Amino acid sequence: MPQTSSPTSNVTPKRNSPGVATHWTIDHVCGHQADKDLSHKAADERAGFARWLATRDCTACWQAARTTDTDDTATWIAGRRAAEQEAADTWAHQFDMQPLTGTDKAVQWATRCRHQLVTAAHTSLVIEGDLDEQAWQDIEQAARTIGRAGWWIDQRDADPTDLPELVAAATTADRPHENPF
Ligand SMILES: [Zn+2]
């Protein structure tokens, strides 16, 4: 049946007592019909509220849509994170980065932070900038020996071009694998 243009066509007050009806039949846009108790609303707000409800999905459809969205989003985030993790692990192995120390969760996160920061710095400083490859090797070597996961997590929002200054500021406490002798 085609929709009529009347704004009140999809809400029907149920009149079984005098005064403004408290129970309304709502024809939701999803196609479901629901009886709503609007007695908690002021008498002069019920018709407007009922019409507003009719412009939305019924409770069941609304919840179903939200649950699906949330699951999809969580799945998508988990998938993207796994891909990032794999890329970061592969990169760390390829460039002989030191294993990180910290809790498992911190190490995984820090591995992604390190991958992101160091590769972004290489792009900014060498590929797009004018730093020569030898100077970059020194920075990379300094980055390679910073093994404390927390250090990399702390730099997660750093400007990539600040990497040379950041790695120079790292202390021996941040380099757990380095033998000072
Ligand atoms: Zn529905």
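User: Which helix of this predicted model holds Glu133?

Analyst: Glu133 belongs to helix α4, which covers residues 133–144.

User: What makes Glu133 count as buried or exposed?

Analyst: Around Glu133 there are 9 other C-beta atoms within 10 Å. A residue is exposed if the count is 12 or fewer, so Glu133 is exposed.

User: How far apart are Glu133 and His122 in sequence and in space?

Analyst: Glu133 and His122 are 11 residues apart in sequence, and their C-alpha atoms are 9.6 Å apart in space.

User: How do you know whether Leu117 is buried or exposed?

Analyst: Leu117, a residue of helix α3, has 22 C-beta neighbours inside 10 Å. The cut-off for buried is 20 or more, so Leu117 counts as buried.

User: Which residues does Leu117 touch, leaving out those up to four places away in sequence?

Analyst: Leu117 touches Gln155, Ala158, Pro160 and Leu163. Between Leu117 and Asp159 the C-alpha to C-alpha distance is 8.1 Å, with 42 residues separating them in sequence.

User: Why is α2 called roughly perpendicular to α3?

Analyst: Helix α2 (residues 59–94) packs against helix α3 (residues 104–127) at an angle of about 70°, and the axes are 9 Å apart. Angles of 65 to 115 degrees count as roughly perpendicular, so that is the term for α2 and α3.

User: Which residues of α2 and α3 meet, and how do they divide by class?

Analyst: From α2 come Glu84, Gln85, Ala87, Ala88, Asp89, Trp91 and Ala92; from α3 come Gln108, Thr111, Arg112 and His115. The contact has four nonpolar, four polar and three charged residues.

User: What makes Asp96 count as buried or exposed?

Analyst: Asp96 has 9 other C-beta atoms within 10 Å. With the limit for exposed at 12 or fewer, Asp96 is therefore exposed.

User: What is the mean pLDDT of the protein chain, and where is the pLDDT below 50?

Analyst: The mean pLDDT is 88, and 93% of the residues reach 70 or more. The pLDDT is below 50 over residues 1–5, a stretch with one contact in the model beyond near neighbours in sequence. Where pLDDT is low, the predicted coordinates should not be read in detail.

Key: Residues numbered from 1 in each chain as written. Predicted model: local features only at pLDDT ≥ 70, side-chain atom pairs only at ≥ 80, totals over all residues. pLDDT = per-residue confidence, 0-100. Contact = placed C-beta atoms within 7 Å. Axes fitted to C-alpha atoms, helices over the stretch in contact; angles between N-to-C directions. Helix = DSSP H or I, 4+ residues; strand = E, 2+ residues; numbered from the N terminus. Parallel < 35°, antiparallel > 145°, perpendicular 65-115°, else oblique. Nonpolar A, V, L, I, M, F, W, Y, C, P; charged D, E, K, R; others polar.
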